[in-house]
Amino acid sequence: MPVSEWADTYRQLPADSAEPGQWRTSRTPYAKAIMDAFTQNDIHRVVVKSAAQVAKTEILLNIIGRYAHLDPCSILLVNPTIEMSEDFSKARLSKMIQDTKVLTPLFYGNRANAKTRDTNQTILSKFFTGGRLVLGGANSPAGLASRPIRILLCDEVDRFAISAGSEGDPVDLAAKRMTTFWNYKMGLFSTPTNEGASRIDIEYLAGTQEEWQHQCPNCGEYHALDYRNMLADYTENKDADGNKTVIVKGVKWQCPDCGLDFDERAIKTSPQKYVAQNPDAIYNGIRSFWLNGFSSPWLTWAEIMREWLEAKGLPAREKVVYNTRFGLSYKLAGEYDDENVFLNRREDYPAELPQGVLLLTAAVDVQANRLEYEIVGWGIGEECWGILRGVVRGQPTQLETWNELDLILDREFYFQNGTPLKVSRTFIDSGYSTRSVYEYCNANVRKGRFPIKGKGGAGLPLLYQYGNPKNSAVLLTILGVDDGKQEVFARLGVSEIGAQYFHFPRDDEFLGKRGYDKNYFKQLISERRVVRKSGGILYTAWEPINSEIRNESLDIRVYNLACMKSCEAKRGVEFWTKRAQLLKAEYLIQRQEVTAPKQAPPSSNNTVMSRQLDIWT
């Protein structure tokens, strides 16, 4: 019995699902061929590259259910992390076992109440009559390299760690456990990530490359639905802060062959099928499938196109839509020909601080004979203004060097209307002269100055790990610098002034040399993202374009980006609203001091701006 027939006969969806009750493969017709490939003779590897919300998790559950019921064997399901496997087990797997009546006695025996299961049943290990299901994490080698398995299912492989501990590639590690079975099956599922470094892209190209296509009601030709053939009737509005809102009134698909337009209902009810682009790969035992969100019964075309139109021009948001809606890998921003594109983009500020700045952060890179710093302004939508870039000459082991840095970080910067603003938080790299950095930060923690340390490697988020004051002498923050560099380059690619746009100033009468010269921009674009191979797996890394050009400007901008994100963490848009209110209050206080009799100045710890520092909590 193929998996789709088993699911249509036995599978029950839980009461809290979007469509509870009996499973119907006809609801997601593209799922049938994927599921049935797992019982097809001579097929050993099934690859699914897809958008989100296309019933991928339910397909995995149906495969597990069918084998546990009709062909019991050893099964391993691997998620990117152990925690994700635990969540899958509790939130999805246990419900399927309880609600699908043919499975309940296989896993729980004669116990009427599933909660009274024996101690052999754990969150990550489920025994059933004749077999066992183990759930593991790609970041942990313990569950990947022991017992033999016949069915291997890997979910979200593009988010797997490069190595399971020190054991090597997690997919290859798990696959070695199938060598004793002639009838083994491997399933690799994932939304793609970045072009050139996507594991699911590589696996898909090695297979039959079957695209889910719809028939044109006019000419009869079959085509995969592509966002470039979608014609959206929409209006676009921007608020005072430059945030874009799109209202989509309707979407039609235009056939690339005959040129006629059809609405969503006409295309979703037209004949559909998979069309293989590399059919001979079936002789290698590999079937691969691709489908996007336009075919999902739970996503409307208007919803997808609204997300895309609002994301256009913002690389970080574009990437999300490409991956999760279009089911495509995203081509990230990379090299620039030279620094002139940014030199020519510099602008004149009306004062030390341009209108729109709501927060000042600073970042410091520590070298053997100097401290390099940058002060940056941030506004709504994370729009960014470079304020001051410079160097403090001196050894970091000398107190005088840090005292000179204090003169810069402690000063006030002014808007055109006279409102002052001080640096709220500073991140200082502790990779060199660590002890000196820790001592300085500990002495200045109330001024919001914190040590950081960069950590390379794909998949680490920019704010990777916060120091725990209970277990550490310092509030050290670990940054995922690869993610940070890609974020900086993505924002350098934003060409429209507004959210996430990087402004750079010319030298002016207020600060003299602001530091944004030819050398600064050479350093800012001094690295490029390259594709490397380790253990047979492609991954991305950042390497210098020219070994003679330093990269401090790039590193410092990454630190500033992380510093800003640490300030707005857990507050989001509300944080920027409160910052705007604070600055308005500060301006009114300044004007009042001009007209009202002067009073004793408040202590530095009680000013409005000091209260906003919000020291690390």
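Mentor: Gln500 is found in the loop between α14 (481–492) and β25. Helices (DSSP runs of H or I, at least four residues) and strands (DSSP runs of E, at least two) are numbered from the N terminus. This is a predicted model, in which local features need pLDDT of at least 70 and side-chain atom pairs count only at pLDDT 80 or more, whereas totals for chains, interfaces and linings use all residues. Residues are numbered from 1 along each chain as its sequence is written, and side-chain values use heavy atoms, with hydrogens and water left out.

Trainee: Why does Gln500 count as buried?

Mentor: Buried means under 20% relative accessible area, exposed over 50%, and partly exposed in between (1.4 Å probe, protein chains only). The value for Gln500 is 11%, and therefore the residue is buried. Its phi is positive, about 65 degrees, although the residue is not a glycine.

Trainee: What is the phi of Glu382, and where does this residue lie?

Mentor: Glu382 has a phi near 60 degrees, which is positive in a residue other than glycine. The residue lies in the loop between β17 and β18. With a relative accessible area of 10%, Glu382 is also buried.

Trainee: How confident is the predictor across the protein chain?

Mentor: Confidence is given by pLDDT, a score for each residue from 0 to 100. The protein chain averages 87, and 88% of its residues score at least 70. Over residues 594–617, however, the pLDDT is below 50, although this stretch has 32 contacts in the model beyond near neighbours in sequence. A contact means heavy atoms within 4.5 Å. Where pLDDT is low, the predicted coordinates should not be read in detail.

Trainee: How many helices and strands does the protein chain have, and what share of its residues is buried?

Mentor: There are 18 helices and 27 strands in the protein chain. Of its 617 residues, 50% are buried. Among contacts between residues at least 6 apart in sequence, 70% join residues at least 24 apart.

Trainee: What makes helix α9 a mostly covered helix?

Mentor: Eight of the 11 residues of α9 (residues 301–311) are buried. These include Trp301, Trp308 and Ala311. Among the elements covering the buried residues are β11 (230–238), β12 (244–254) and α10 (315–326). Just after α9, Gly313 has a positive phi of about 90 degrees.

Trainee: Which strands does β9 pair with, and how do you know?

Mentor: Two strands pair if DSSP finds at least two bridges between them. Five bridges join β9 (residues 210–215) to the antiparallel strand β14 (residues 272–276), where Lys273 is the bridge partner of Gln213. Two bridges join β9 to β15 (residues 286–291), and these strands run parallel. Three bridges join β9 to β10 (residues 222–224), and these run antiparallel. β9 and β10 form a hairpin with six residues between them, and Gly220 in the turn has a positive phi of about 85 degrees.

Trainee: What makes β23 and β25 edge strands?

Mentor: They belong to an open sheet of eight strands, in the order β23-β24-β22-β21-β16-β17-β18-β25, with mixed pairing. β23 (463–466) and β25 (502–503) each pair on one side only. Within this sheet, four bridges join β21 (residues 425–429) to β22 (residues 449–455), which run parallel. Asp429 stands opposite Ile452 in β22. Helix α16 (residues 552–568) packs on the sheet, and its direction makes about 140 degrees with that of β16. Such angles run from 0 to 180 degrees between N-to-C directions, with axes fitted to C-alpha atoms, for helices over the stretch in contact.
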